[in-house]
Amino acid sequence: MEGYLLAVGVIALIYMLMTLGLNLHYGFTGLINFGHVGFFAVGAYTSAILAVHGVWLPLAFLAAVVLAALSAWPLGVLSLRLRIEYLAIVTLGFSEAVRLFIVNERWLTNGVQGIPGIPSLSEGLGLPMSATTATFILLVLANLAAILVIHRIVKSPFGRAIEAIRDDEEALRALGKDPGSFKIRVFMLGAAFAGLGGAFYAHYITFVTPDQFLPLLTFYIWVAMILGGAGRVSGAAVGTLALVGFLEGSRFLRDIVPGVAEVEMASLRLGVVGLALILLVIYRPGGIMGDYSS
Amino acid sequence: MSFGYLLNLAVNGAIEGSIIALGALALTLVFGIARFPNASAGDVITVGAYAGYGGQLASGGLMAAGVVSGMVGAAAISLAFYWFVFRKLAGRSAVYPLIASIGAAFLIRAAITFFLGHDQRVYDVPLTRAVALGPVRVVPTDLYLAAGALAALAVVFALLHMTPLGRRMRAVADNPDLARASGISARRVMTAMWLIAGAVSGLAGVLLGVKTVVMPEMGWDLLLPAFAATILGTIGNPVGAVVGGLLIGVAQELSTPFVGFTYKIGVGFLVLLLVLMVRPQGLFSGAERVR
């Protein structure tokens, strides 16, 4: 049971890193990113490919974070020119393009067969504990660091500027500030968190395939973010826990209710995520931890 | 690579493009009038394909029954989502209906895969031999598909430009406030628009199902090319959507000898990016359409 809870915790913490990144994009800056899973995939594959070729894990992780951030750069540049609805479509297209690339470029990614045998964190770092424990501890530290960084950012002038972009971009321009560089930096930073999450994921599962990076994952994270409250640091934690609680709970439901196959359960999960998105935007766009003062 | 081969690809692309054009027309109607990119359009297309398949099966193989039930089924689901979801989000930032439309897309796909599974189905169409038209070889079925798509586009244009309802719809698309001030009932226009967009999507689903196979992801896969076509032809402009659809279809097919079959969908994305970078207002924007 402890092992199970630890495993669930690892998944929750990986999702939390992604939610923190998305929250930076949408919650604080108002940039609609429907391609978050693309950054996650870039991070996962970068670290996986480097690690199986013998690169020291901390370096592989660093490369994952950097490459995920760099892959967000062109999208950030685009976000300067595009209306937010267009940006949504373009980012969705980006994540699908990443998946197409992974499927097609077999020489690099091994295509649909995926990459097996990715070293786990305890193996790669020579830590004297189980892989799950090592991943869990490092993920806790990574999330704390991420929260600290975001907290510092939000409280700084930079934070006030990006919130101004979300609330009234014209006003920010009128103050003589250029929203462009803020948007690009925010896009890259949020993507870096997703890339870090991807690297943790690859070394935790030790096996990556293109199927693990479907757009559905992006919208899991959207549900977590809106549920917890967009634009709230605490929201990411609350929303992610609720999401993982639901995803894991549905697994138990299948054990209790007889005759529900795993494919049917997958359909049910998809349906619940869809319904949650609809109900949240209609009835609770601010989320559980949402700001009710405005 | 002979000229005839490329010409064949172009013709194939135009036929596929006419189906993309139907999807783009549905998207552009919603974008022009309800003012958000409707991500559930793809899955409404899927509903059309399944409803059409069911209709053809129930009627003992009549293709006409398949077309009608596909259009009715998709129009019904489209109207239902307007009534229960998008109506409640009118007047809010486009972000909210956009996110809700993703939810609607997932809900539709979840229902399809839950009740009907992931099996591929095929329409009951007779296998025909390709006929040679000069250097181009075409399967007669494909000609029927293109003719069906063009007929539907003609009907929608007639509706938009020759009926009072169409005039009201265009008025709302051009200037919602002015339209309201002139006494146009937004609800009636919206209902009509969602019905038309749904029926057009349903036909797209049936045609796509006949051309390929019926499966749960078929409509979602059409979504990016359709969005690309919509933006290429200027959002809210039905003529632009159709031309954009044909262009994307031809571009996708012509690219296959160079980038391979699997990157085809990526070509739609690439075109989308290029248009947004170079001419974000699309190819068909007149001065009066710039928003």
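A salt bridge here is a side-chain nitrogen of Lys or Arg within 4 Å of a carboxyl oxygen of Asp or Glu. With that cut-off, a search of the whole structure, a predicted model, turns up 13 salt bridges over all chains. One of them links A:R173 to A:E169, with the closest N and O atoms 3.0 Å apart. Both residues sit in helix α8 of chain A (residues 157–174), 4 residues apart, or about one turn of the helix. Helices are DSSP runs (H or I, at least four residues), numbered from the N terminus.

Some bookkeeping comes next. Residues are numbered from 1 along each chain as its sequence is written, and chains are lettered from A in the order in which they are written. Because the model is predicted, local features need pLDDT of at least 70 and side-chain atom pairs count only at pLDDT 80 or more, while totals for chains, interfaces and linings use all residues; side-chain values use heavy atoms, with hydrogens and water left out.

Now to the place where the chains meet. Taking contact as heavy atoms within 4.5 Å, chain B brings 39 residues and chain A brings 41. About 3600 Å² is buried between the two, 78% of it from carbon and sulfur atoms; buried area is the accessible area (1.4 Å probe) that two parts lose on being put together, summed over both. In chain B, the residues that lose the most area to chain A are B:I99, B:F106 and B:Y263, together 17% of what that side buries.

What about charge pairing across this contact? The count between chain B and chain A is 0 salt bridges. On the side of chain B that touches chain A, helices α3 (63–84), α4 (95–116), α9 (218–232) and α11 (264–278) each supply at least two residues. The largest share, 14 residues, comes from α4(B).

Chain A also carries a nonpolar surface patch of about 1100 Å², with A:W56, A:L62, A:L125, A:M129 and A:I137 among its members. Patch residues have over 30% relative accessible area and no salt bridge, with nonpolar side chains (Val, Leu, Ile, Met, Phe, Trp, Tyr) joined within 5 Å and like charges within 9 Å. Helices α3 (57–81) and α7 (131–155) of chain A each supply at least two residues of the patch. The most comes from α3(A), with 5 residues, and A:L62 is found in that helix.

Notes: Accessible areas come from the Shrake-Rupley method with a 1.4 Å probe; for residues, only the protein chains shown count as cover.
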